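Trainee: Please take one part of this model, the aromatic side chains and what surrounds them, and go through it closely.

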Amino acid sequence: QVQLVESGGGLVQPGGSLRLSCAASGSIFSTYAMGWYRQAPGKQRELVAQKFVQGRTNYGDSVKGRFTMFRDNAKKTVYLQMNNLQPVDTAVYYCNAHKQIGPGGEIEYWGQGTQVTVSS
């Protein structure tokens, strides 16, 4: 009953921009921290951006100053604005919802991913 669906990926030239969207279904959203992660072929998944309920946002070191995460609780959607894209940004980008529950417990959901390719 809970789903996260990413969209907005595609092929862009170095220096270009893309905006990714993550639409959430179900009852969860406003009480969950939302995040963007990415995974390139043969590499581990890494944090891109994470926005907490309080409003604080963390960014991975490799994207600071270039990417911006937005959260719209009314639309149950989070966005990732990606500027000055470079070939190293090529990866599948995943949306994540996370919540801490109980003593040491947690719950999280993942989207199916959307491909971003940066190439000349």
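Mentor: Start with Tyr37, which counts as buried at 17% relative accessibility (buried is under 20% relative accessible area, exposed over 50%, and partly exposed in between, with a 1.4 Å probe and protein chains only). This is a predicted model, in which local features need pLDDT of at least 70 and side-chain atom pairs count only at pLDDT 80 or more, while totals for chains, interfaces and linings use all residues. Residues are numbered from 1 along each chain as its sequence is written, and side-chain values use heavy atoms, with hydrogens and water left out.

A search of the whole structure gives two aromatic pairs. Rings of Phe, Tyr and Trp (its six-membered ring) pair if their centres lie within 6.5 Å; planes under 30 degrees apart are stacked, over 60 edge-to-face, and the rest tilted. Tyr32 and Tyr109 have ring centres 6.2 Å apart and planes at 55°, so this pair is tilted. The two residues are 77 apart in the chain: Tyr32 is in the loop between β3 (18–25) and β4 (33–39), and Tyr109 is in strand β10 (residues 105–110). Strands here are DSSP runs of E with at least two residues, numbered from the N terminus, and helices are runs of H or I with at least four. Tyr32 is buried at a relative accessible area of 7%, whereas Tyr109, at 24%, is partly exposed.

The other pair is Tyr37 with Trp110, whose ring centres are 5.1 Å apart and whose planes stand at 65°, so it is edge-to-face. Trp110 is partly exposed, with 34% relative accessibility.

Arg45 also comes into this part. Its charged end sits over the ring of Tyr94, 4.0 Å from the centre, and Arg45 lies over the face of Trp110 as well, at 4.6 Å from the ring centre. The criterion is NZ of Lys or CZ of Arg within 6 Å of the ring centre and within 35 degrees of the ring normal.

The strands that carry these residues are connected through β9 (residues 91–101), which runs antiparallel to β4 and is joined to it by seven bridges; two strands pair if DSSP finds at least two bridges between them. Within that pairing, Arg38 has Tyr93 of β9 as its bridge partner. β9 also pairs with β10, in the antiparallel sense, over six bridges. There Tyr109, a member of the tilted pair, is the bridge partner of Ala97. The hairpin of β9 and β10 has three residues between the strands, and Gly102 takes a positive phi near 60° in it. Strand β11 (residues 114–118) is joined to β9 by three bridges, also antiparallel, with Val116 as the bridge partner of Ala91.

As for the setting, the chain has eleven strands and zero helices. Buried residues make up 41% of its 120 residues. Among contacts (heavy atoms within 4.5 Å) between residues at least 6 apart in sequence, 55% join residues at least 24 apart.
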